[in-house]
Amino acid sequence: MASISSKTALTTLRQLLSELRKQSSSPKLAENQMARYILSQYRKYQTTDQQLCKAADEMHFRAKSYCEYLHNARRYREINTEFKGKGERTVGETANMVGFKMPHDPK
């Protein structure tokens, strides 16, 4: 990260912590080991991300990619539980699930 206080790095950090908060079982984010690791990495590469001789935005790209991974994994679980196979459904239940109404239903 160019600086932990730069706008893009700070936004990505907030998004990461938000996703961790949504997926965490513990009420406090300070108890989450993953959150502590992410904050330590942000502090470690606060002055420059050139320490590892990588591209200028490599660390920010990694953080953004991980944030997107966490978000999409959470959305996948939500969608999977909503539409997971529950056996045979009636035609009316299937129509309601996808947002249609049966022809005999009042509008």
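Trainee: How do you know that the span of H2 agrees with its number of residues?
Mentor: Keep in mind that this is a predicted model. H2 has twelve residues. The expected span is 1.5 Å times one less than that number. That should give 16 Å, and the end C-alpha atoms of H2 are 16 Å apart, so the two agree.

Trainee: Where does H2 sit in the overall pattern of the chain?
Mentor: H2 covers residues 33–44. The chain reads α-α-α-α along the sequence. It has four helices and zero strands.

Trainee: What makes H1 roughly antiparallel to H2?
Mentor: The angle. H1 and H2 pack at about 170°, with their axes 10 Å apart. Angles over 145 degrees count as roughly antiparallel. H1 therefore counts as roughly antiparallel to H2.

Trainee: Which residues meet where H1 packs on H2?
Mentor: From H1 come Ala9, Thr12, Leu13, Leu16, Leu17 and Leu20. From H2 come Met34, Ala35, Ile38, Leu39 and Tyr42. Sort the residues of this contact by kind: ten are nonpolar, one is polar and none is charged.

Trainee: Which residues of H2 are buried?
Mentor: Ala35, Ile38 and Tyr42. Buried means under 20% relative accessible area.

Trainee: What covers the buried residues of H2?
Mentor: The cover includes H1 and helix H3, residues 58–83.

Trainee: Which exposed residues does H2 carry on the face turned away from its buried side?
Mentor: Gln33, Tyr37 and Arg43. The cut-off for exposed is over 50%.

Trainee: Why is serine 6 called partly exposed?
Mentor: Its relative accessibility is 22%. Buried would need under 20%, and exposed over 50%. The value falls in between, so serine 6 counts as partly exposed.

Trainee: Where does serine 6 lie?
Mentor: In the segment before H1, which runs 7–23. Serine 6 is 40 residues from glutamine 46 in sequence, yet their C-alpha atoms are 9.7 Å apart in space.

Trainee: How many of the contacts in the chain join residues at least 24 apart?
Mentor: 55%, counting contacts between residues at least 6 apart in sequence.

Trainee: And what share of the chain is buried?
Mentor: Buried residues make up 21% of its 107 residues.

How values were computed:
Residues numbered from 1 in each chain as written. Predicted model: local features only at pLDDT ≥ 70, side-chain atom pairs only at ≥ 80, totals over all residues. Heavy atoms only, no water. Helix = DSSP H or I, 4+ residues; strand = E, 2+ residues; numbered from the N terminus. Buried < 20%, exposed > 50% of the residue type's maximum accessible area, 1.4 Å probe, protein only. Axes fitted to C-alpha atoms, helices over the stretch in contact; angles between N-to-C directions. Parallel < 35°, antiparallel > 145°, perpendicular 65-115°, else oblique. Contact = heavy atoms within 4.5 Å. Nonpolar A, V, L, I, M, F, W, Y, C, P; charged D, E, K, R; others polar.
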